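Student: I have a model open and would like to go through it with you. Could we begin with the packing around one of the helices?

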Amino acid sequence: MATLSFKDFKSDQEVRWCPGCGDHAVLAALQRALPKVSSALNYEKERYVVVSGIGCSSRLPYYMDTYGFHSIHGRATAISTGIKVANPWLTVWQACGDGDALAIGGNHFIHAIRRNIDINIILFNNQIYGLTKGQYSPTSKFGAITKTSPYGTVEHPFNPGSLVLGAKGTFFARSLDVELKLNEEIMTAAALHDGASVMEMLTNCVIFNDGAHRNISDPATRADRTIILRHGEKMIFGKDRDKGLVLDGLGLKVVTIGQDGYTEDDILVHDAHCENAGIHMMLADMKYPDFPVALGVIRDVKDVTYDDGVRDQVKDVMLKSKIHSVDDLLHSGSTWEVE
Amino acid sequence: MQHKVIDAKDVVIRFAGDSGDGMQLTGSLFADMSAIYGNQLSTFPDYPAEIRAPQGTVSGVSGFQVHIGSENVNTPGDHCDLLVAMNPAALMANAKWCKRTAMILVDSNAFDEAGMKKAGFKTDDPFRELGVEDRVLIVAPITELTELSLKDSGMDIKAIRKCKNMFTLGMACFIYDRPLDYIFTYLEKKFAKKHPEVIEPNKKVLKDGFNYAANMQMIANTYHIEPSHPKKGTYRNITGNQATAWGLLAASEKSGLPLFCGSYPITPATGILEELAIHKSLGAKTLQAEDEIAGICTAIGASYAGNLAVTTTSGPGLSLKSEALGLAVMAELPLVVVDVQRAGPSTGIPTKTEQTDLNQALYGRNGECPIPVVAAHSPSNCFDTAFNAAKIALEHMTPVMMLSEGFLGNGSEPWLIPSMKDYPVIQPPFATSLPEDGKFKPFERDPQTLVPKWAIPGQKGFEHRVGGLEKNHDGVLSSDPANHALMVAEREAKVQKIADFIPELQLDGPAEGKLLVVGWGGTYGHILSAVNEVRAEGLEVSRVHFDYIYPVPRNTGGILSGFDKVLVCELNSGQFANYLLGLFPDTKIVKFNKVQGQPFLVSELVDAIKEAL
């Protein structure tokens, strides 16, 4: 099999996102991750299908030189589900925004996670409706001032991580659009995960919500305000790698190594494969300024998948049943002869 | 008293009782037994929306009507020759369906003061109060006799009382000269594994009911219905929903594509999803979706991935699917959408039948959004209709709407089992070669049929994008005005071309005359019976029935132009009549409509035809 490269996944279509939009970087990370996934799993390019709903980020399939389906608002997850169940051999990637996946498509989103269908969902979270030009979304901060909330919103946002874990998600990762290397790493891990993988990408909308994530994405302070979690590694962060997370009663606490008697040995080791989602939930819920915001693969556990279940049940019934053709079916059960 | 045996051409029996009384089973058994006996038959279950409405009330009454005869049984019958009423509420709800000559069989034990009050009777003579005191009344203590019959069975009293429907069935078998063997075999098969202990008691009650009817001296006449001489072959009973599911499986086999059904449960369509869920051995995958929208969207995804994709629903569900239907039209993907119509609008009357979704099927989407529409005309015809809908979808790369009706979906009839070798192979237009520039063009069309090619993900070199945005032939996004106009026209013309591939309309009667009676869908049997009745009186009328609604068969205009008047009969306010008028404005159309959640009565159609003549 020929080795695939970045270029193989680039389509000839002109990319039409605004200059400076965070989506460019996520697209680039995907185009860099898929060649790696392909060699790791021995996948040909025609095996990829990229699905999307409606919104700025949902334009992504046009920029990928793969099979692609740009569907309707909120329904990408249902379309992806159908593709994967119909043909489990295909590998399905999905691009959707915070409005698309969590407002109009919220129902499909939680059910795909509950069923654990083997699809890879990139959730572009810019906390705003961009394509309709600046209305608040289900992830906009409480009080956000937007075109439809000129006096501030009076509703609580979703935290996608808690939603995914609440729906018994088996894979959740989070990152910033600008973390190109980390994003490649996350996407590769998602591809290797058998089940529904949700990757929340905190993206910047330069036009309608510029700087929504600046408090954690600013290069000057990013290392102190975020923590990159890797399975098996200590939960250490900070520019000087001197801060860490410890368990304090039933919650997490930020400590400085070498202060208050804490040593590196006290710092928690990240276990993404831990069945119990309790600590994953706490990590996903961490908010700046009390905590660093968790990036990287927060949860990655094994469980049966829906698509395997459907396929295996069909095989199983085929073996056991006496009905192997429509003629068999038509004559099954109670019939009578007219001579 | 010696009873007299009368030869009857056909009879209608209506079993009615509390929704827990087992009337659906009693009716089905009577029907199945009659089919095996060699009679023609048609059935109609009439049950409440509530699973178990308050016991003894009119809203909880469940009915099952069966029409058996030697010939020309096209409908479940208008009025009944025998009404079985297991309680006062059943009598209250159904007395109006009795012929003047009808027999009414009631369980006198249920007609106590409390029962009468619950049913809403104001006097102590229910028959007089309902104006049916002059019918042949058979008042039997059925509960008491059932208890007596089974007192030594060792069953508890609750279980014993559940057998009273078998006692009643035994009585009906006596009245209509039915052999009991069939029911014996049924009971043996059904309970052999799980409850062998109930086989003998049920047989005993059945026999006791039969003997009681023979000995009670209250039944002056019994009836013999000569078996008809149907075509040779193997027969079975089939409901419309079952036939729909099987027709789709047949299309899957004939196309070589696995069947995928994404659906959400909704009355009265759920039976199709349930039936498909059984037949995994034929490769069918069913996905019970989180909502109606996910039902169709998973199906669209499955279609894109190369399956024969189906979604099944009823009116309110179809409303929810509208946007996604537009997506399937735009992406030009094959898809079968089955709408088992029920009384609307909104939730309406879920268990009652109507033909009120035609406009929704034809027009219920944004933009210029043509979708072929076909309609089934009888329970067993749902098989061919579903097969044809799938064939059109797969060969013409389009979603297709199949209209069924609650009346068809739940109704059943005997069916001469076809052989799959008599059905055509389905050949989707798979993309097999790339053009010279090496780029697959998803909306380049066959010059004859205007159908684009189908490239399925996984095919090397055919990578392309589809979606809801307007594109050009190459599959590239385009908001160019001229391109949009061209694509709109081509999608419409592609659907119109389907008329070249469907059968012509079959005219029943002379090609010219005063009156053409027109129907579509599940009114077929009623209209046929009415036309035959009118003809028997020496009047001349012709008749056509539309199975293909959009596009209409090529010869439609020619046939319509041969008549002074065209009487369009349908269970809505005139949706098909208006549609025909739009296509053929010179036709003199007269409408006959009924929107009561009930099928036509043959008698009211006869009146309408005579009035139109």
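Student: What covers the buried residues of α17(B)?

Tutor: This is a predicted model. In it, the cover over the buried residues of α17(B) includes α13 (315-331) and α15 (381-396) of chain B.

Student: Which residues of α17(B) are buried?

Tutor: B:Met487, B:Arg491, B:Lys494 and B:Val495 are buried in α17(B). They lie on the same side of α17(B), because the arc they cover around the axis is only 95 degrees.

Student: And what does the face turned away from that buried side carry?

Tutor: That face of α17(B) carries exposed residues, namely B:Pro481, B:Ala482, B:Ala485 and B:Ala489.

Student: Now the whole of chain B. How many helices and strands are there?

Tutor: Chain B has 21 helices and 22 strands. Its radius of gyration is 27 Å, close to the 25 Å from the globule rule for 613 residues, so chain B is as compact as a globular protein of that length. Along the principal axes, the C-alpha atoms of chain B fill a box of roughly 90 × 60 × 50 Å.

Student: What share of chain B is buried, and what share of its contacts joins residues at least 24 apart?

Tutor: Buried residues account for 54% of the 613 in chain B. Among contacts in chain B between residues at least 6 apart in sequence, 77% join residues at least 24 apart.

Student: Changing topic: how many residues of chain A are in contact with chain B?

Tutor: There are 50 residues of chain A in contact with 52 residues of chain B. Elements of chain A that each supply at least two residues to this side include β2 (67-70), α4 (106-115) and α10 (306-320). The most comes from α2(A), with 8 residues. By type, the residues on the side of chain A that touches chain B are 23 nonpolar, 19 polar and 8 charged.

Student: Which strand of chain B do bridges join to β2(A), and is the run parallel or antiparallel?

Tutor: The strand is β17 of chain B, residues 465-467, and it runs parallel to β2(A), with 3 bridges joining the two. Within β17(B), B:Val466 is the bridge partner of A:Phe69.

Student: What about chain A as a whole? How many helices and strands does it have?

Tutor: Chain A has 11 helices and 12 strands. With a radius of gyration of 22 Å, close to the 20 Å that the globule rule gives for 339 residues, chain A is as compact as a globular protein of that length. Its C-alpha atoms fill a box of roughly 95 × 50 × 45 Å along the principal axes, and 49% of the 339 residues are buried.

Student: Which strand pairs with β5(A) over 6 bridges?

Tutor: β6 of chain A, residues 197-202, pairs with β5(A) in the parallel sense. A:Leu202 in β6(A) stands opposite A:Leu176.

Terms used:
Residues numbered from 1 in each chain as written. Chains lettered and ligands numbered in written order. Predicted model: local features only at pLDDT ≥ 70, side-chain atom pairs only at ≥ 80, totals over all residues. Buried ≥ 20, exposed ≤ 12 C-beta atoms within 10 Å, placed from the backbone. Helix = DSSP H or I, 4+ residues; strand = E, 2+ residues; numbered from the N terminus. Arc of directions from axis to C-beta. Contact = placed C-beta atoms within 7 Å. Rg over C-alpha atoms; globule rule 2.2 N^0.38 Å. Nonpolar A, V, L, I, M, F, W, Y, C, P; charged D, E, K, R; others polar. Pairing = 2+ DSSP bridges.
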